[in-house]
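Subject: Structure handover

Hello,

Here is the structure for you to take over. My notes on what was found in it come after the model.

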Amino acid sequence: MDLRDEAAYDRLRAAQWRARTAMSRRALLRISATAGLGAAVGGMAPRPAVATAAGPIVKPLPPELFVVYGSNAEMRWEAMRGQGYHTPIDRFFVRDHTSTPLIDVRSWRLRLFGSGLHGSPTLDRAVEFSYEDLLGLPAREISAFIECTGNGRSFYTTQQNQQVSGTAWKLGAIGVARWRGVPLSVVLDRAGLTKHAVDVMPRGLDPDYVDAGTNHGRVRRPIPVAKALDDALLAYEMNGRILPPDHGFPVRLVVPSWVGISSIKWVGDIEVSDAPLFSPWNTQYYRLFGPGYPPEGSAPVARQVIKSALELPWNATLSAGRTTVLHGRSWSGHGPVRRVEVSTDGGTSWQRARTHGPERPGGWLCWEFPWRPDGTGPRTLLARATDAAGTTQPDTAQYNTLGYLFDAVVQHPVTVA
Ligand SMILES: Nc1nc2c(c(=O)[nH]1)N[C@H]1C(S)=C(S)[C@@H](COP(=O)(O)O)O[C@H]1N2
Ligand SMILES: [Mo]
């Protein structure tokens, strides 16, 4: 089929739309019931209606699943015990710079503009896609983690005695979901991408971010056009459900293996430029600062680093003289995890964990390790992974003032009783 032929293209698009409509009508009805939106799709309002929820985060945050820090909530790792490969939505971490907006999908449009497009130089001459337009475009489903760059930040302080600023996450600012949506490459192509484009900058519809009295405007961060065309996805479904408000409804970007801030939620517009783009999120945040780094910081951080977590409560109590199977997961932004080792004696000896399930780039690897503790008292459990790039988790992470990219082995305290 020649998709440059208008009629052929229309037929294909109509078929795709019919295939998706059953889901989307039902889903829209479901959303309208929960988010107080009207039932019908359509309407020509040029700007989306955006409301704010009662609290920063919409979904329930029960204390057995989450630790809440203002507008952010991390998953308790013990909540992954007994779960499948993916993180269920009810326990997927949330990181909001301000608060979750409630967006009326009938008036929502995705608008693309900039010097990297043919004929849409400015926002008022943008190429627009409605929600229905996106549902009608070729869809793709991927499994990918989204992880906050500061995941593990608290261990700079508790394990390395270093001062860092930002949310004091343990290891729960990560989740792996099944994301379905339209490849960003498809939308860029339809919008008239030129061969001179270099950067693509999505911007959220959440409120302006104000830090220490400075208004930085709406959350936005460029990615290089090569990554945008490679595997970035404009996702409208998460784990087979309509994307929930806290995770970016109606549409978020998913940028596999890259720092969580790349995966902009509640996307309203995307600037495509033939010159490099800058925002506070690739200049003053999300670079490495401190001793050993230039004053303007490192290059903007891109890939996540390697980490491991045990599906156990912090300070869990385990039974002496009885075998407990320890479960955990390891992941890296530099390729699949190839090997996981566990130490139950503070790092003197290490043994291979048994791994199972898929070894996917941009996902995590599940593992288990049977342990029969002798004696009683406090113990420290360690897990360390090695990825396809050959990187093994070090004992110490390289310090940076904002506490990003903690990759060192985490000392997980337990008590044997
Ligand atoms: N518009 C917008 N996009 C955003 C954010 C935000 O506050 N606003 N937070 C970013 C950060 S820092 C992270 S780690 C991820 C978190 O995604 P989640 O809340 O779905 O887990 O979203 C990113 N996208
Ligand atoms: Mo983040």
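Predicted model: local features only at pLDDT ≥ 70, side-chain atom pairs only at ≥ 80, totals over all residues.

Residues are numbered from 1 along each chain as its sequence is written, chains are lettered from A and ligands numbered from 1 in the order in which they are written, and side-chain values use heavy atoms, with hydrogens and water left out.

Ligand site

Around ligand 1 there are 21 residues, of which F93, H97, D206, R252 and K265 come nearest (a residue is near if one of its heavy atoms lies within 4 Å of the molecule or strand). By class, this shell has 10 nonpolar, 5 polar and 6 charged residues; Ala, Val, Leu, Ile, Met, Phe, Trp, Tyr, Cys and Pro count as nonpolar, Asp, Glu, Lys and Arg as charged, and the others, Gly among them, as polar.

- D206: a polar side-chain atom is 2.6 Å from a nitrogen atom of ligand 1.
- R252: a polar side-chain atom is 2.7 Å from an oxygen atom of ligand 1.
- H247: a side-chain N or O atom lies 2.8 Å from an oxygen atom of ligand 1.

Taken alone, ligand 1 exposes 540 Å², and the protein buries 100% of that (accessible areas by the Shrake-Rupley method with a 1.4 Å probe).

An open sheet is formed by 5 strands in the order 7-6-17-10-13, with mixed pairing. Its edge strands, each pairing on one side only, are strand 7 (127-129) and strand 13 (223-224). Strands here are DSSP runs (E, at least two residues), numbered from the N terminus, and two strands pair if DSSP finds at least two bridges between them. Strand 10 (residues 199-204) pairs with strand 17 (residues 267-273) in the antiparallel sense over 6 bridges. M201 has E271 in strand 17 as its bridge partner.

Backbone

The peptide bond from F249 to P250 is cis, with omega near 10 degrees. P250 is in the loop between strand 15 (241-242) and strand 16 (252-254). A212 is a residue other than glycine with a positive phi, near 50 degrees, and is placed in the loop between strand 11 (210-211) and strand 12 (214-215).

Regards

How values were computed. Polar contact = N/O pair within 3.5 Å; in protein donor to acceptor, adjacent residues only side chain to side chain. Helix = DSSP H or I, 4+ residues; strand = E, 2+ residues; numbered from the N terminus.
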